[in-house]
Amino acid sequence: MTEFPGGSIVHGPRRAEVNGAGGSDGRRRLGEAGLNAKPSGRMHVADSLEGGVPARTVGEVSVEDPVFSCRDVSVFYGAKQALHSVTLDIARRQVLAAIGPSGCGKSTFLRCLNRMNDTIPGARVTGTITLDGQDIYDKSKDIAQLRARIGMVFQKPNPFHKSIYDNVAYGPRIHKLTRTRADLDELVFTSLSRAGLWNEVKDRLSAPAVGLSGGQQQRLCIARTLAVQPEVILMDEPCSALDPIATARVEDLIEELRASYAIVMVTHSMQQAARVSQRTAFFYMGKLIEVSDTDHVFTNPQHRLTEDYITGRFG
Amino acid sequence: MSRRTFRKIINGFALGMSGVATLVGLLLLGALLWSLLKNGLAQFSLDVFTRMTPPPATGGGGLLNAIYGSAIMTLIGILIGGPVGVLAGTYLAEYGRNTRLSTVIRFVNDVLLSAPSIIIGLFVYELVVVPMGNFSAISGAISLAIIAMPVIVRTTEDMLNLVPQSIKDASTAMGAYPWRTTVSIAYPAARSGMLTGLLLAVARISGETAPLLFTALNNQFWSTNLKEPMANLPVVIFQFALSPYANWQRLAWQGALVITFAILILSILARIVVARLNPARVRK
């Protein structure tokens, strides 16, 4: 038998369930929080559910010269709607953090941006998303070329079952980015260096990537993404499987990468959002509740739900 | 009796029963190998590998033509059945995962997997032997291919399903087309399991007798012509074992020994190759 890291056997529609299950979960937890909340002059969280979810997102959704521009984006998994007309621009050279309780649609939103939802049977996306002004759901556009412009880092480190070198060289090879072996070596070197991994792996580039530690694997995954020379990097809870030290390294790395890339990061950790992002979007039950400068969101949230979430009342 | 004691007794009982079951299986296997070795090694000589099948009731002779025939037909069978099986398994695991077509294919494949091999022999007889006008090695190879296919389809699909979706997603997200993800990511990760599947298929078809009776038949003489009947170990063993002649019976035992050990050696070799191929094997 072959064994794989995290070797669960996966059958049938997968992430659809993960993303889809959250709505009711969020409601349940919210109810508990509401019951536990001390009686005060304020409205209970549970009450705020009824009339609290705004028709419009609070805060400024548009930015000047956005890299991504999303208008009325909704996602359905079969009959279930996972994302409700989200309108949001994503700025260049900036980290946008997407926060919210489990199943709130933040990962679903992220996966719209590189059309990874297309890989889930029964998933349907409506609305428009443009990358540099071009509609990414345009049927005549080549989906592989689109994804090459958008890097993605996943929740769990998922290096290929190849050597460290081949992991980084995979993207350049499939997109034929380099002509000679020397160019490829150079690109692998730059990518690993930018990901802060070169010094740790330079003597064992031909060693299997799965032999690295979790934090190194995640930085390898980032290096692998950088090697394709994307314009945007999407990160789906990139540190949730890492220990605090590895997390700190990845966060430092994100801080450096921000100078050249637009980064959208889904995170469960509000501290992390506060540390690394410049703009924060709060999702709840498939809706974008509030988006604003990170400082603003965390010090002076405009919406009751945002405030309740960041103060730890629920989620 | 406390609950703890009760659980201990239940545990002991279950453990004992599974131990007995294992022992029964191992004993049967041991007995089988023992009689094979005892009878097969009696008067075993290199003649088995160098001389042709002899006429009845004479001395000497070997199994060279049958060994060659079996090897060549198994080889051709795998060369036909392997690619078809791997591609079909790939379709089921990677492309048609939830489609109705794949459900139908999977079901038909399971039926084929459990179909009596003699039926497949008859099928190929009608399809190839009758139009050709005579029994032939190539029709034997085709029937072996049909038997190998469902085994390979099943193992290929299972092994590809074991490859974590997350690394396939990583490849997709980097802008790889599905075929590229399959060839560059899924196959290497599933390689050892797929190879094991191919090997299982080889083991299965190299011992098949029934389909060859209707297709390759047998040949007392040396023949390399794929359009003519060809000798092969299973049919020779079948024929010789049922005969009243002592030298034929002895060769039947020796043939059985040769098949068994050929498969054993092949399995060991494949495991070594797999271990070599897989430096990136995952640490647990």
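This is a predicted model: local features need pLDDT of at least 70, side-chain atom pairs count only at pLDDT 80 or more; totals for chains, interfaces and linings use all residues.
Residues are numbered from 1 along each chain as its sequence is written, and chains are lettered from A in the order in which they are written. Local features need pLDDT of at least 70 and side-chain atom pairs count only at pLDDT 80 or more, while totals for chains, interfaces and linings use all residues; side-chain values use heavy atoms, with hydrogens and water left out.

Trainee: How many helices and strands are there in chain A?

Mentor: Helices (H or I, at least four residues) and strands (E, at least two) are DSSP runs, numbered from the N terminus. By that assignment, chain A holds 13 helices and 10 strands.

Trainee: How many helices and strands are there in chain B?

Mentor: From the N terminus on, the elements of chain B run α-α-α-α-α-α-α-α-α-α-α. The C-alpha trace of chain B spans about 65 × 60 × 35 Å along its principal axes. The totals for chain B are 11 helices and 0 strands.

Trainee: What percentage of the residues of chain B count as buried?

Mentor: Buried means under 20% relative accessible area, exposed over 50%, and partly exposed in between (1.4 Å probe, protein chains only). In chain A, with 315 residues, 53% count as buried. For the 284 residues of chain B, the value is 44%.

Trainee: What share of the accessible surface of chain B belongs to carbon and sulfur atoms?

Mentor: Accessible areas come from the Shrake-Rupley method with a 1.4 Å probe, and for residues only the protein chains shown count as cover. Chain A has about 13,500 Å² of accessible surface, with 49% belonging to carbon and sulfur atoms. Chain B has about 14,700 Å², and the share of carbon and sulfur atoms there is 72%.

Trainee: Among contacts in chain B between residues at least 6 apart in sequence, what percentage join residues at least 24 apart?

Mentor: Contact means heavy atoms within 4.5 Å. In chain A, residues 24 or more positions apart account for 70% of the contacts with a separation of 6 or more. The corresponding value in chain B is 73%.

Trainee: How many Å apart are the mean positions of the positive and negative charges of chain B?

Mentor: Lys and Arg count as positive and Asp and Glu as negative, with His and the chain ends not counted. The place of a charge is taken as NZ of Lys, CZ of Arg, CG of Asp or CD of Glu. For the 21 positive and 9 negative charges of chain B, the mean positions are separated by 16 Å.

Trainee: Which class of aromatic pair do A:Phe109 and A:Phe283 form?

Mentor: Rings of Phe, Tyr and Trp (its six-membered ring) pair if their centres lie within 6.5 Å; planes under 30 degrees apart count as stacked, over 60 as edge-to-face and the rest as tilted. This rule gives 11 aromatic pairs over all chains. For A:Phe109 and A:Phe283, the centres are 5.4 Å apart and the planes make an angle of 40°, so the pair is tilted.

Trainee: Which elements of chain A does this pair link?

Mentor: Both A:Phe109 and A:Phe283 are buried. The two residues are 174 residues apart and belong to distant parts of the chain. The elements are helix H4 (residues 106–113) and strand S9 (residues 279–284).

Trainee: Is H4(A) enclosed or exposed?

Mentor: The buried residues of H4(A) include A:Lys106, A:Phe109 and A:Arg111. Because 8 of the 8 residues of H4(A) are buried, the helix is largely enclosed by the rest of the structure.

Trainee: Which residue just after H4(A) takes a positive phi?

Mentor: The residue lies in the loop between H4 and strand S4 (123–131) of chain A. With phi near 60° in a residue other than glycine, it is A:Arg115.

Trainee: Which residue lies over the face of A:Phe160?

Mentor: A charge sits over a ring if NZ of Lys or CZ of Arg is within 6 Å of the ring centre and within 35 degrees of the ring normal. One such case is A:Arg124 over A:Phe76, at 4.4 Å from the ring centre. Over A:Phe160, at 4.3 Å from the ring centre, lies A:Arg224.
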